[in-house]
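Subject: Structure for you to look at

Hello,

Here is the structure I promised to hand over. Please open it next to this email and follow along.

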Amino acid sequence: MGQKITIEPVTRVEGHGKVTIHLDNDGNIEQTRLHIVEFRGFERFVQGRPYWEMPVLVQRLCGICPVSHHLAAAKATDVIVGAGTGEGLTPTGEKMRRLMHYGQMFQSHSLHFFHLASPDLLFGIESDPFKRNIIHVALEHRDLAVQGVMMRKYGQEVIKATAGKKIHGTGAIPGGINKHLTEEERDYLLHGDDYMNIDKMISWSQDALEFFKEYHKKNKAVIDQFAEFPSSYLSLVRKDGALDLYHGVLRAVDTEGKKILHDVDYQEYYKYIDEEVKSWSYMKFPYLKEIGKKTGWYSVGPLARMNTAEFIDTPLAQKEFGFFKKYNEGKPSNKPMHAHWARLIEILHSAEKIKLLLNDPQLMEGELVTKGNKHLEGVGLIEAPRGTLFHHYKIQENDMISMANLIVSTTNNNQPMNEAVNQVATRVMTGKKEITEGMMNAVEVAIRAYDPCLSCATHAMGQMPLEFEIFDHENMLIERKFKG
Amino acid sequence: MTEHTPNILVYGYGNPGRQDDGLGVKLTETLEKWITDNHYSQIRTDSNYQLNLEDVATISAYDLVIFADASKEDVPDFRFEPLEASDRVEFTMHAVSPAFILHLCNKVFNHQPRAYLLHIKGYEWEFMENMTGKAGTNLKAATEFLQGFLRNLIQSDC
């Protein structure tokens, strides 16, 4: 009997996603889809608002990664106020923003690895769902849980010191930044008591990488073969090819590593990238125009960045990058679970960058803001934790926003996540009479590797049901499960 | 303040950019002035878009924690209740429940502060800064109640 299986919403990812898997009468996979069922309309909402509000206003988009939106919007408004595209800021302005961004990257990746991914790695994808969570990590691997909590807290403290406050931070403004780092803030982040200092963070970042590599040695099939599929990859890179999470040129490579987008200026991204609308999802499907809708899709995020970059400019992360590249024989890794590895390399890189910046006296003195001639359009790109984030604004002469286009990281990964779902569902569900909890989690693990964020930023109590439904070939509900 | 007076944290969470979702944060902002005016040095406030795992470390430093949040539940204006720790895993781990934070605090730091939850009834959740009039009325009532609760707590320890 044909079945339609619905997993709704996906656990441990943001917002409201739904996976449907259609099986035919023989139990083979007919079709898989990851649906995004919420529509936010934020791009229309900001029309008619003054451009200088954008760096604060866009933080309403998401309570998970407001710093990424804050900085991408600030970069777009830099162009509007004539401060250039990332390289026109004062040294203090750029370095303070970078410090904020590395803090965001450090805390977000730490949360993902220790609290979202580690339960799957420690206990197994098909283990008892009751056990597969951070509470049981704390019970059985307390040191890991402590590290995760404190690394997350440290990153938040960096953000607080640079953005000014945790909610609706105001640090980045059009053309620069509105504060210096104080001596007290610097000393706290450099030499804080207990665990709260940068040397401990670097040490723990290295420990986490060792933990992963040790796990990898013993579980090659899980890490190397789970949901593997060919993909193109896109990210910002520095002009010399280095990994750069804050600014650079746009590069894409194909599954063999050949450049298919040649280090272009992101102010003209729309010449190279378009978005396709599909009737079954509110989330669009971006693609490279030159290659076309069918095969022009690409992946973004930590794994994409490892695949596009040629080197890393901090020594400890570069050493790990070398191991990663050697393991993949110098070619892009098409293994979604390698995203965990990539994320850990970026945690270490971010910690090293934070230490360098904290020791830089230019964060505590110097000009904060640059201004020039006004422009009526600006594009801001940043490598958010989940991947490349695009903010594009046009304004009228009276400074009001007339057009906004946002391509968020999770949207860029829309097609890759669908591909991953299809790979896993085909592998674990084909021909099976019963769909088990472990099979459903395997699908979710594939999605979680992309760390998607579908958040609407509201969280009021009683809003988070977890539902699983199975329909027969006539779309009759035959089973419903609730999670959480 | 005596040595018996608990260290108290009032933690409001929500997104003030989504109308009534910001009720918990607004409560802490209102309370800050009251704390300063009354020299209640044993009370601290904190706020964020949502609770997350680093808050385990934050609450571990306190004896008593009061979480304040907007609520869609069927409560008249506000509801104040003791909070029990829970290991129930929520839909998302990017934002977690106060009961989960409390439970994890015990497991990670071997300390579980006494805790309460203050639900404040909200009505609208769109992309707007200002809360609804009815939510504002509920916030006022909840704030006055909490001030009385905290005042009694401190006075009973003096």
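Predicted model: local features only at pLDDT ≥ 70, side-chain atom pairs only at ≥ 80, totals over all residues.

**Chain A overall**

Chain A has 484 residues, and 64% of them are buried. Its secondary structure comprises 15 helices and 15 strands. Now take the contacts in chain A with a separation of 6 or more. Of these, 68% join residues 24 or more positions apart.

Find helix α3 (residues 66-80) and helix α4 (residues 91-123), both in chain A. Their axes come within 10 Å and cross at roughly 150°. An angle over 145° counts as roughly antiparallel, so α3(A) and α4(A) are described that way. Their crossing is left-handed.

Which residues meet? From α3(A) come A:Val67, A:Ser68, A:His70, A:Leu71, A:Ala74, A:Lys75 and A:Asp78. From α4(A) come A:Arg97, A:Met100, A:His101 and A:Gln104. By class, this contact of α3(A) with α4(A) has four nonpolar, four polar and three charged residues.

Next, look at helix α6 (residues 142-163) of chain A and helix α3 (residues 98-109) of chain B. Their axes lie 9 Å apart, at an angle of about 120°. That makes α6(A) and α3(B) oblique to each other. This crossing is left-handed.

On the α6(A) side, the contact uses A:Arg142, A:Ala145, A:Val146, A:Val149 and A:Met150. On the α3(B) side, it uses B:Lys107, B:Val108 and B:Phe109. Six of the residues in the contact of α6(A) with α3(B) are nonpolar, two are charged and none is polar.

**Aromatic rings**

Over all chains, the structure holds 19 aromatic pairs. Take B:Phe145 and B:Phe149. How are their rings arranged? The centres are 6.5 Å apart and the planes are at 25°, so the pair is stacked. Both residues sit in helix α4 (residues 133-157) of chain B. They are four residues apart there, so about one helical turn separates them.

Is B:Phe149 buried or exposed? B:Phe149 is buried, with a relative accessible area of 18%. B:Phe145 is partly exposed, at 34% relative accessibility.

Best wishes

Note on methods
Residues numbered from 1 in each chain as written. Chains lettered and ligands numbered in written order. Heavy atoms only, no water. Axes fitted to C-alpha atoms, helices over the stretch in contact; angles between N-to-C directions. Helix = DSSP H or I, 4+ residues; strand = E, 2+ residues; numbered from the N terminus. Parallel < 35°, antiparallel > 145°, perpendicular 65-115°, else oblique. Left-handed = near helix turned anticlockwise from the far one by under 90°. Contact = heavy atoms within 4.5 Å. Nonpolar A, V, L, I, M, F, W, Y, C, P; charged D, E, K, R; others polar. Phe/Tyr/Trp six-rings, centres within 6.5 Å; stacked < 30°, edge-to-face > 60°. Buried < 20%, exposed > 50% of the residue type's maximum accessible area, 1.4 Å probe, protein only.
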